[in-house]
Amino acid sequence: MRKASSNTETYVGLFSFCRRFKLKYHTIKYLAIKSKLRIFRFNNLSYVEVNSMLCLLRGNKNFLSGNVEQAIDYLETLI
């Protein structure tokens, strides 16, 4: 996770986030692209904005496998 310097948006590393909560990285990335979420590249790592990721997880909660509830709780603590 890193804080953007120019504003107050919070970002989370996409791959490490998926790995931590046993979410399928390619599924999350596909849903993010389909939902037109911006995925930022920084030092060869993908980052996604926390608020957008929360909306994505809440909207697809029944479709996703893994620890979705724990992932949502974690993201809520970051905001």
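Reader: What percentage of the 79 residues in the protein chain do buried residues make up?

Author: Buried residues make up 39% of them. Buried means under 20% relative accessible area, exposed means over 50%, and partly exposed lies in between, with a 1.4 Å probe and protein chains only. This is a predicted model: local features need pLDDT of at least 70, side-chain atom pairs count only at pLDDT 80 or more, and totals for chains, interfaces and linings use all residues. Residues are numbered from 1 along each chain as its sequence is written, and side-chain values use heavy atoms, leaving out hydrogens and water.

Reader: What makes up the secondary structure of the protein chain?

Author: It comes to 4 helices and 4 strands. Along the sequence the pattern is β-β-α-α-β-β-α-α. Helices (H or I, at least four residues) and strands (E, at least two) are DSSP runs, numbered from the N terminus.

Reader: Why are the buried residues of helix 4 said to line one face?

Author: The buried residues of helix 4, residues 68-78, are Val 68, Ala 71, Ile 72, Leu 75 and Leu 78. Seen down the helix axis they fall within an arc of 115°, so they line one face. The arc is that of the directions from the helix axis to the C-beta atoms.

Reader: What covers the buried residues of helix 4?

Author: The cover includes strand 2 (10-13), helix 1 (14-20) and helix 3 (50-59). Contact means heavy atoms within 4.5 Å.

Reader: Which residues of helix 3 are buried?

Author: They are Val 50, Met 53, Leu 54, Leu 56 and Leu 57. These fall within an arc of 165° seen down the axis, so they too line one face of helix 3. The face turned away from the buried side carries the exposed residues Cys 55 and Gly 59. Cover for the buried residues of helix 3 includes helix 2 (25-34), strand 4 and helix 4.

Reader: Why does Glu 49 have no salt bridge?

Author: A salt bridge is a side-chain nitrogen of Lys or Arg within 4 Å of a carboxyl oxygen of Asp or Glu. For the buried Glu 49, the nearest side chain of opposite charge, Arg 38, is 8.7 Å away. Lys and Arg count as positive, Asp and Glu as negative; His and the chain ends are not counted.

Reader: What does Glu 49 cap?

Author: Glu 49, in strand 4 (residues 45-49), caps the N-terminal end of helix 3. A side-chain oxygen lies 3.4 Å from the backbone nitrogen of Asn 51.

How values were computed: A polar contact is a pair of N or O atoms within 3.5 Å; within protein, one must be able to donate a hydrogen and the other to accept it, and residues adjacent in sequence count only if both atoms are side-chain atoms.
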